[in-house]
Amino acid sequence: MKKSEMFGFSLETDDRTEEEKSRSKAAKKVGLVSALGLGQEAPKAPMDTDYQEEMEETTPQIRFNLNFDKAIQGEMQHNKRRDSKTFNIDILFEAVASRDVRKLDGLHQYLHQNMKKLSDSLYQSYGKTALMKALLHLSDGKNETVELLLDISEKMGDIKEFVNAAYTDSYYKGQTALHIAIERRNISYVKLLVSKGADVHAKACGKFFQPHDGPNFYFGELPLSLAACTNQPDMVDFLMMNEYQQAQAKLTDSHGNTVLHALVVVADNTKENTDFITNIYDRILKTTSQLHPKLKLEDIENHKGLTPLKMAAKTGKIGLFSHILQREFHESHTKHLSRKFTEWVYGPVHSSLYDLASVDTYENNSVVEILVYGSDIPNRHEMLQTEPLSRLLEEKWKMFAGRMFFSNFLVYLLYLIIFTVVSYNKKDGKPPFPLKYNKMGYLYVLGQLLTALANCYFFVMGIIDMKRKRPKLQTLLIDGYYEILFFVQAVLFLVSAALYLCGQQAYLGFLVLCLALSWMNLLYFSRGDSHMGIYSVMIQKMILSDILRFLFVYVVFLFGFSAAVVTLLIEPPARNTTASKGRLFGPVDPNEECVKPSFRNISYTTLQLFKFTIGMGDMEFTEGYEYKEVFYILLIGYIILTYILLLNMLIALMNRTVEKITMESTSIWKLQRAITILDMEKRLSRCLRRRFRCGVEKKLGLAAGEDCRRCFRVEEVNWNKWNINLGKINEDPGSWDRVQPPASDTPPNRTNRGRSWRGLFMEGGRRQQTHESTEMSPLRNTPV
């Protein structure tokens, strides 16, 4: 350990003049004023600039003043100009920025005579050294001052300190010369720096290198992650396999992310980005497996408990997510890194085994759970269509969820019948009603108790579901909102029950609202059928998107015009003196005359204007009132804005919504059914979940040794790729990758099945290739 590290300080020499020191002190005072809030906040220093450098105030150091003996002897400096061979930080930065090695002539001699080093604090500004400045000013990938600086530093004995110096500014903290060389895509300088002792595990952890709302570039902090995220495969290979210090892919940054996590972060689902991300991802996996065979790099979790696969699911990176799930290596030494294994191929039929590790819901925080309950993932309904997730959920539905769902439907239908019968046979009088000790009385109370228990169950489950899912308005368009409707149904019933027990007649209003909503919630069980489920999805989206917006604008027009009409119309003298008692229609007492509704009542006026909206308005109701002309202007304007404009716009919007969601309604329905499947699976006991667990245990016997995995078998058909395996067809399907191609190119004769494989292939080849053209369609038979 060096003495500077042992005692916490280093001894440096200082040959600055008094004038330079005074300027430094003045700058220090300005910085102190800003720090204390007595002046304006100093602007953030840039990473680099071609103009005047914003220098940092000198840090406290124990320095030896080379001019001390001259001051003691009373020697005055008649010429205050500095010697031309003197090098301060300004001269040094200017020389390297201009890439002119001639300006650095005599630098080594000057440093040697004055006992200085390039790593001294006087040659740094916010941790930035002349080496970093030089690397930031490359021209055609070259700056000759870099080699000169490294050579001088090596001669002065501070080469490791010089190459590993890092930014100290909070914005760019931790960035070293190695980071800059990698970002500049200059592998020659990277090799040079690493050979001189540059730390390949230095972390650039400043604010600029962290994800936040402002401009930032998060790449995982480490040099290896920077090379990977900027698509430099040669740089990645050198960092991981150089002879000086090999970069460890298992190391994590301040978020717990490895280089694989960093690749997930920079993925953006475009084709070009996905191609380079997947190539670098596989490259790092293979290299790590070669260097560290026992290391399972993909199993490392970050601080949020996410592996790279789970992180890709959580962030909606569908391109990389699909690649990881369906990754298959055919080389014997890398085959154990695959997550997909082809069992056999026969014609266009492929039987594949998918690794269920971290995927199936049998494990905590699985990929399926993240996608199904991740309401903030915008494209999760598309990601769930990726194999093997789609077939896995289908298998769960056929194995247990479908039967449980049908049983729930029958129970809910029984609840509705009981609730309806109890509500229909309500008793007159003031509640609560006394119990009748007969058969009908017992059945009535039993029906009330069953209805109350059912709604208590809906209330508790609604709280649990909303606490777990935390629904938002944007996510309700995809997730559906039946859980919320069931919760509202339970609340209405509980309020009605409370009013009933308190003897309030108003209980009946909440009761009938609960009854109507209960029948509406029967549509929840349309998820069990594909046709009804898709239809229900369209209804949900139109209600939340189109009808809600229409109602908001319509209510504004309705109440606005109602208030105007009530204010405008002056009621003529009444022909009778009967009190209206604030009601719209009468009579109540047999001796009381009928009271005609008045348009001075805003509720009645609102009702009449609503009738105009649906074409049931009455033009004669203005007889006997003044200012009819103004009223007709208001009425015509209201009809144009609501009956003609808003209603037709609503129809057009609903038509556009149907066309827009036609393609994705199927995937949204499958997502909603997946939510139902997982909800029912969570209600199973541990032993039942083990019994209904999907997949089979397979001993793959790969190169890495005895490899036993839980796999899910999917049989798929792909006519576009049938010719690739034409030479691998065997009468006995199995181990297709070990079968030698037949000697003849003539395909064997087969029984005519009504459609030519050649015709199907040619038809499929003419189809336009898409991003998912490599996806294979699953067969109809049930997987294991």
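1. Pro388 sits in the loop between helix H18 (380-383) and H19. The peptide bond that leads from Glu387 into Pro388 is cis, with omega near 10 degrees. Most residues other than glycine have a negative phi, and most peptide bonds are trans. Helices (H or I, at least four residues) and strands (E, at least two) are DSSP runs, numbered from the N terminus.

2. On provenance: this is a predicted model, in which local features need pLDDT of at least 70 and side-chain atom pairs count only at pLDDT 80 or more, while totals for chains, interfaces and linings use all residues. Residues are numbered from 1 along each chain as its sequence is written, and side-chain values use heavy atoms, with hydrogens and water left out.

3. The protein chain has 29 helices and seven strands. Of its 784 residues, 44% are buried, where buried means under 20% relative accessible area, exposed over 50% and partly exposed in between (1.4 Å probe, protein chains only). Among contacts between residues at least 6 apart in sequence, 72% join residues at least 24 apart; contact here means heavy atoms within 4.5 Å.

4. Asp140, in the loop between helix H6 (130-135) and helix H7 (144-156), has a positive phi near 55 degrees without being a glycine. Asp140 is exposed, at 82% relative accessible area. Ser358, in the loop between strand E4 (349-355) and helix H17 (367-373), is also not a glycine and has a positive phi of about 70 degrees. Ser358 is buried, with a relative accessible area of 15%.

5. The largest nonpolar core holds 136 residues, and Leu193, Leu239, Ile284 and Phe321 have the most contacts inside it. Helix H19 (residues 389-424) supplies the largest share of this core, eleven residues. Apart from this core lies another, of 14 residues, including Phe550, Tyr554, Leu569 and Leu646. A nonpolar core is taken as a set of buried Ala, Val, Leu, Ile, Met, Phe, Trp, Tyr and Cys residues joined through side-chain atoms within 4.5 Å. In soluble globular proteins, nonpolar side chains tend to be buried together.

6. Which residues does Leu239 touch, not counting those up to four places away in sequence? They are Ile182, Val190, Val200, Pro223, Leu224, Ala227, Gln245, Gln246 and Ala247.

7. Two packed helices are described by the angle between their axes and the distance between the axes. The axes of H19 and helix H27 (residues 665-682) come within 9 Å and cross at roughly 75 degrees, so H19 is roughly perpendicular to H27. Axes are lines fitted to C-alpha atoms, for helices over the stretch in contact, and angles run from 0 to 180 degrees between N-to-C directions. Angles under 35 degrees count as roughly parallel, over 145 as roughly antiparallel, 65 to 115 as roughly perpendicular and the rest as oblique.

8. On the H19 side of this contact are residues including Trp397, Phe400, Met404 and Phe405, and on the H27 side residues including Arg673, Ile677, Leu678 and Met680. The contact of H19 with H27 comprises ten nonpolar, two polar and four charged residues. In this count Ala, Val, Leu, Ile, Met, Phe, Trp, Tyr, Cys and Pro are nonpolar, Asp, Glu, Lys and Arg are charged, and the others, Gly among them, are polar.

9. H7 and H10 pack at about 5 degrees, with their axes 12 Å apart, and are therefore roughly parallel to each other. Glu144, Val146, Glu147 and Leu150 in H7 meet Tyr189, Leu192 and Leu193 in H10. This contact of H7 with H10 has five nonpolar, no polar and two charged residues.

10. There are 29 aromatic pairs. Rings of Phe, Tyr and Trp (its six-membered ring) pair if their centres lie within 6.5 Å; planes under 30 degrees apart count as stacked, over 60 as edge-to-face and the rest as tilted. Tyr171 and Phe208 form a tilted pair, 6.0 Å centre to centre with 45 degrees between the planes. Tyr171 lies in the loop between helix H8 (159-163) and helix H9 (177-183) and Phe208 in the loop between helix H10 (187-195) and helix H11 (223-229), so this pair ties together parts 37 residues apart in sequence. Tyr171 is buried, at 14% relative accessibility.
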